[in-house]
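Trainee: I would like to learn how to read a protein model step by step, beginning with the whole chain and ending with single residues. Could you guide me through one?

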Amino acid sequence: NMSAGRPFRGCACFFTDNIFVGRFGLHVRYRDGPQLRRDHGRALRERGCRSEEQFREVLREVEAEVQRRKQLIHQSVERRAIISKCYKPKHPEVYTLQDSFLAPEFLEIVRFCTSPGADLQGLLSYLESFSDKRIYRLPVFTEEFCQAFVDELENFEQSDMPKGRPNTMNNYGVLLNELGMDEPFLTPLRERLRPLTALLYPELGGACLDSHKAFVVKYSLHEDLDLSSHYDNAEVTLNVSLGKEFTEGNLYFGDFNQDRSPVPEYIEVEHVGGRGLLHRGGQIHGALPIASGQRWNLIVWMRSSAIRNQLCPMCHRKPELVEAEGFGDGFTEPLEEEEPQTVDVCALG
C-alpha cells in the first residue's frame with residue numbers, strides 16, 4: 001500500500017507510548033522501571049496499585065505488551081498468510097464492497113456530497129448531529145449485510161484459524177486486514193466516505209484520508225463488557241453498529257484530546273443497528289457496559305498522511321518513522337522538495 005508512490009510507515013512511539021494497564025484503567029508511557037515509577041507511580045497508587053508486588057505485576061504486564069508490539073508485524077503477516085491459504089469463508093461475497101450492502105440513504109448522501117455546490121449545511125440536513133462535538137450519525141449498511149457479515153465473523157471466530165486481537169483494550173474481535181478485506185472492501189468504503197469527511201472535517205485532512213486501520217470488536221457478558229476512556233490513532237473514526245441483539249452499552253464522548261477542559265462534559269450516544277457514527281479520532285470516548293446480549297461494531301480508523309506527517313497524534317511529536325506493513329500507522333516518508341507554502345492541508349504531505 002502506497003500513498004502517491006510512498007510506502008506507509010509507523011511511528012516509533014508505538015513501542016513506548018499509550019500502553020494500557022487494564023486492571024488500573026491507565027495508559028502509560030514506558031522506557032524502563034524507574035521511569036514508569038517516576039511518571040506514573042502516583043496515578044497507579046491512586047487507582048489501587050499500592051504494594052511493590054502489584055507494581056512489579058504492572059511492570060511485567062507493560063514489558064509483555066512492548067514485546068508483543070515488537071513482534072506484531074511479523075506475526076500479523078504470518079496469520080494473514082495462514083488465513084488466506086486455509087480459511088473457508090461462509091459468506092465469500094461480503095469480502096468485496098457492493099452498492100447493495102450500503103443503505104440507500106448512505107448512497108443518497110454520497111450523491112449529494114459529490115454534486116456541484118455541495119456544502120456543509122446541506123450535508124448536515126442528512127445527518128443526526130450530537131451536541132457541538134462534531135459527532136454525526138448516518139445510515140451505512142443494510143440489515144441484510146450486517147447479518148451476513150456478523151455470521152461470517154462468527155464463523156471465523158469459531159474456526160481454528162490464528163487470531164490477532166484488535167488492540168490492547170479489546171480482547172475479542174477481528175483485524176480485518178488479516179482477513180484480506182483492506183483492498184476489496186475497506187479502501188472503497190473509505191473512498192466513498194471521503195466526500196463527506198472533506199466537508200465535515202477539512203482541517204483534519206478529511207479530503208485526503210489515504211489509509212486506514214479497520215477491525216471489528218465484540219462485547220458480550222462473559223467477554224469484553226465495556227471500553228475504557230481513550231482516543232483513537234486516527235484523524236476521523238467511523239464506528240458502525242452491526243448488531244446483534246443487546247441492551248445498554250452506549251458510547252460516551254468527552255473532550256477533544258487537544259482541547260481538554262478541567263471538568264469535561266460527557267454525552268451519551270446510543271447505537272443503532274446498521275448506522276455509523278463519524279467522529280474526530282482525537283475525541284475522548286469509551287463504551288459503557290452492555291447489560292445483555294452481544295454487540296458487534298465495525299471500527300475504521302481513517303488517516304491522513306498530510307496531517308499526521310506533521311505531528312503524531314499519539315505522542316504529539318514529529319513522527320519518528322519506522323518500517324511497517326501495509327498501511328502501517330498512516331505516516332509516509334517526506335518528499336524531497338520543500339513543503340508548499342499553502343493553506344491546503346492535503347498538500348502538506
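Mentor: We will go through this structure feature by feature, keeping in mind that it is a predicted model.

Trainee: How many helices and strands does the chain have, and how many of its residues count as buried?

Mentor: A first reading of any chain takes in its secondary structure and its cover. Here the secondary structure comes to 7 helices and 18 strands, and of the 349 residues of the chain, 52% count as buried. The accessible surface comes to about 16,400 Å², with 51% of that area belonging to carbon and sulfur atoms. Among contacts between residues at least 6 apart in sequence, 78% join residues at least 24 apart.

Trainee: Which residues touch the most other members of the largest nonpolar core?

Mentor: To read a core, one looks for buried nonpolar residues joined through their side chains. The largest nonpolar core has 52 residues, and those that touch the most other members are Phe141, Leu176, Leu179 and Leu242. Among the elements that each supply at least two residues of this core are α3, α5, α6 and β10, while the largest share, 7 residues, comes from α5. Another core, of 14 residues, lies apart from it and includes Ile19, Tyr30, Cys49 and Val66.

Trainee: What does Phe141 touch, beyond the residues up to four places away in sequence?

Mentor: With those neighbours left out, the partners of Phe141 include Phe101, Cys146, Phe185, Leu189, Leu242 and Leu298.

Trainee: Is Arg79 buried or exposed, and why?

Mentor: Burial is judged by comparing relative accessibility with a cut-off, which for buried is under 20%. Arg79 counts as buried because its relative accessibility is 11%. Arg79 has its place in helix α2, residues 52-86, and, leaving aside neighbours within four places in sequence, it is in contact with Pro162, Lys163, Gly164, Leu175 and Glu178.

Trainee: How many bridges join strand β2 to β18, and in which sense do the two run?

Mentor: Strand pairing is read by looking for bridges between two strands and then for their direction. Strand β2 is joined to β18 by 2 bridges, and the two run antiparallel; in β18, the bridge partner of Arg9 is Phe331. β2 also pairs with β17 in the antiparallel sense, again over 2 bridges, and there Cys11 stands opposite Leu321. Strand β2 is mostly covered, since 5 of its 6 residues are buried.

Trainee: How many disulfides does a search of the whole structure find?

Mentor: For a disulfide, two cysteine sulfur atoms must lie within 2.5 Å. The search finds 0 disulfides. Cys11 is in none, as the nearest cysteine sulfur, that of Cys13, is 3.7 Å away.

Trainee: Where is Gly328, and what does it touch?

Mentor: Gly328 lies in the loop between β17 and β18, and its relative accessible area of 24% makes it partly exposed. Not counting residues up to four places away in sequence, Gly328 touches Phe8, Arg9 and Arg303. The C-alpha atoms of Gly328 and Phe8 are separated by 5.4 Å, although the two residues are 320 residues apart along the chain.

How values were computed: Residues numbered from 1 in each chain as written. Predicted model: local features only at pLDDT ≥ 70, side-chain atom pairs only at ≥ 80, totals over all residues. Heavy atoms only, no water. Helix = DSSP H or I, 4+ residues; strand = E, 2+ residues; numbered from the N terminus. Buried < 20%, exposed > 50% of the residue type's maximum accessible area, 1.4 Å probe, protein only. Contact = heavy atoms within 4.5 Å. Core = buried A, V, L, I, M, F, W, Y, C linked by side-chain atoms within 4.5 Å. Areas by Shrake-Rupley, 256 points an atom, 1.4 Å probe, with all protein chains shown as cover. Pairing = 2+ DSSP bridges.
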